[in-house]
Amino acid sequence: MNSAERNFNPLKNFNKDIPASIVVFLVAMPLCLGIALASGAPLFSGLIAGIVGGIVVGFFSGSPLGVSGPAAGLAVIVLTAIEDLGSYELFLVSVVIAGIIQILMGFAKGGIIAYYFPSSVIMGMLASIGIIIFFKQIPHAFGYDKDYEGDLAFNQSDGENTFSELINMLDFISPGAVIITAISLAILLIWETKAIKNISFMQLVPGPLVAVIAGVILNLTFESIPALKLNSEQLVNVPLAESFDGFIGNFTFPDFSALGNAQIYVTALVIAVVASLETLLCVEATDKLDPYKRVTPTNRELKAQGIGNIISGLIGGLPITQVIVRSSANIQSGGKTKASTIIHGFLILISIILIPNLLNLIPLATLAAILFVVGFKLAKPALFKKMYSQGYGQFIPFMITIIGIVFTDLLIGLCIGLVVSILFIIYNNFRIPYISQSDEKDDKSVIRLELAQEVTFLNKASILQYLANIPDNSVVEIDASNTHYMHYDVYEIIEDFKINAKERNIQLSVIGLFAPKSQNLPRGLKVK
C-alpha cells in the first residue's frame, strides 16, 4: 500500500464515499439503460456493464475517483458490430478479446499515451462535457425523452441534433415533468447552501437522493391528475424479471464457436483502442478534478479495464471504459476513495434484484436536474476566466476543443483540439528559438544571440533569416552554452554563417558549439 492509499483508507472515509456512491448510482442507472438502448443491445447488458465497471474495475483500478461503465462513445461501434457480426453472442466474443488486448497494452506500458494530451485540451474536454450535459438534459427536464440518456454526440441517432432537439421539445412540454424538474432543482440548490452544509446530519444525506425521493412522491401524486401524469417514457425503465430464473435469463453468453471469424478480431481491436483512449483521457481529466491531485497509474488502469471487459463480455455486458459524467458526479458529491465506485456497483446489482419496481418510479426529469448541476460545475464561468488568464496559447486550444466536441463527438473534438495545440507548439517553437540582445563589450556594441535549450529543424527559417539581416561590419556572439539539443541543419546554418561572416567583415565568436566528431551523425546532436 503506497502513502496515498494509506492517507485515503476507505474504512475511514465511508461517511464521504457512501453518499457519493448513492449519487453515482442514481446517475449511472439511466445512463446504463440509455446506452444499451442506443447500442442495439439488450437493456440488461448496460446494467451488467455498470455493475462490472463498478465492482470489478473499481477493485483492480488504481484510480481513486474514476467510475467505469458503458460509454456513449462506443454506442455506434457496438450497434454496427452487432449488425455486421449477426448476433449479440458473437459480439460478446469481441468484447472478451478486446479485454485481453487491453491487458497486453497495460503490460506494454501503453498508458503513457494519457500524458501527451495538453492540459488545455483536457480542460476543454471537461468544459464541453459540462455544456453537452446541460443542453442534452433540457428536453428531459421538459418531459421530451426521444433521445436516449447518456448521448453526448451532436448528431443524434434519430436524425436530430443537440439544438434541433430543443426546438422539437417545445411541442411536447409536459407540465408534470417541468414541475418535478423545478422542485428537484430547488432541492439540489438548497443542499448546496452553507446553512445545509453546516448541519452535520445533512452532510450524510445526499441532495440528489432527497430530490429523487421527492420526484418519486410527485410522480405517484400526479398519477391521479391527468394533466400532470407522466408516461412510461418519462421514467426510468429497468427490465423486470418475474422470478429468479427470469433474472438469470437476462445474462447472455458469448458464442466461442466463431473464434475463426476474422471480423471478430477486427471489432475487438477497434473496441480495445477506442475504449482505452477514452479511458486514458478520462483518467487525465479525473485526476485534474481530484481536489487532492492524486495521480492514477495508467498502465494499471488499462489492465483493470481489460479484466472488466473480459468479465463483462463473458456474462453479456457492453464494453466498459472509465466515463467522465459518472466520475465527475463522484468527485462533486464528495467521494474520496475508490470505495464509492465499488459501492455504486453493488447498489446497481442489489437494486435491480430487490427494488426494480421502485426504480421505475423515478422520473427522468429529476435525474435531469441532478445532471444540470453536474454539467454546470464542469463548465463554470470561473474555468473560462482562468483559461483566458493563461494566455491565448492555452485559451484558444481550450475553446477549439470545446467547439469541436460540442459540434461533433468526444474523440473527433479532442483530435481537433490536439491538432490546434500542436500548431501552437510549432508556432512558439518557430518563433522563440533564441534570445537576441545588444551588449557592450570592450567598448564595442555586440549583437548577442543566445540559443534556446532545444533548437529543432523548425527553427531553421527564423535563425537563417535573423543571421542574414545582421548588418555588415558588426560584432556578433552566438551563445550555445545552454543548448542541450540542436538539429544538425541548424548546426550547418551556423557553420555556413562563419564563412559568410568573413566576407561581410563580421567579427564572430561562437560559444559552446563543438564540431561533430563523425559525419555519420543522426539529424540531431547534443551540443555539449
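Does Ser120 count as buried or exposed, or, put another way, what does its relative accessibility make of Ser120? In this predicted model, Ser120 has a relative accessibility of 1%. Buried means under 20%, so Ser120 counts as buried. The residue is found in helix H6, which covers residues 119-141. Beyond its neighbours within four places in sequence, Ser120 is in contact with Met387, Gln394, Pro397, Phe398 and Ser421.

The largest nonpolar core has 98 residues, and Leu47, Phe91 and Ile352 touch the most other members. Helix H2, residues 14-38, gives the most to this core, with 13 residues. Leu47 shows some of the links: with neighbours within four places in sequence left aside, its contacts are Met29, Cys32, Leu33, Val238, Pro239, Ile348 and Ile352. Another core, of 21 residues, lies apart from the largest one, and includes Leu467, Ile470, Met486 and Ile506.

Helix H2 also packs against helix H15, residues 324-332, with the two axes 8 Å apart and at an angle of about 165 degrees. Angles over 145 degrees count as roughly antiparallel, so H2 is roughly antiparallel to H15. The crossing of these two helices is right-handed. On the H2 side, the contact is made by Ala20, Val24, Val27, Ala28, Leu31, Cys32 and Ile35, and on the H15 side by Val325, Arg326, Ala329 and Asn330. By type, the residues of this contact divide into 9 nonpolar, 1 polar and 1 charged.

Helix H4, residues 75-85, packs against helix H5, residues 88-107, at an angle of about 120 degrees, and their axes are 8 Å apart. Roughly perpendicular covers 65 to 115 degrees and roughly antiparallel begins over 145, so H4 is oblique to H5. This crossing, too, is right-handed. H4 contributes Val78, Ala81, Ile82 and Leu85 to the contact, while H5 contributes Tyr88, Leu90, Phe91 and Ser94. These residues divide into 7 nonpolar, 1 polar and no charged.

Terms used
Residues are numbered from 1 along each chain as its sequence is written. This is a predicted model: local features need pLDDT of at least 70, side-chain atom pairs count only at pLDDT 80 or more; totals for chains, interfaces and linings use all residues. Side-chain values use heavy atoms; hydrogens and water are left out. Axes are lines fitted to C-alpha atoms, for helices over the stretch in contact, and angles run from 0 to 180 degrees between N-to-C directions. Helices (H or I, at least four residues) and strands (E, at least two) are DSSP runs, numbered from the N terminus. Angles under 35 degrees count as roughly parallel, over 145 as roughly antiparallel, 65 to 115 as roughly perpendicular and the rest as oblique. A crossing is left-handed if the near helix is turned anticlockwise from the far one by less than a right angle, and right-handed if clockwise. Contact means heavy atoms within 4.5 Å. Ala, Val, Leu, Ile, Met, Phe, Trp, Tyr, Cys and Pro count as nonpolar, Asp, Glu, Lys and Arg as charged, and the others, Gly among them, as polar. A nonpolar core is a set of buried Ala, Val, Leu, Ile, Met, Phe, Trp, Tyr and Cys residues joined through side-chain atoms within 4.5 Å. Buried means under 20% relative accessible area, exposed over 50%, partly exposed in between (1.4 Å probe, protein chains only).
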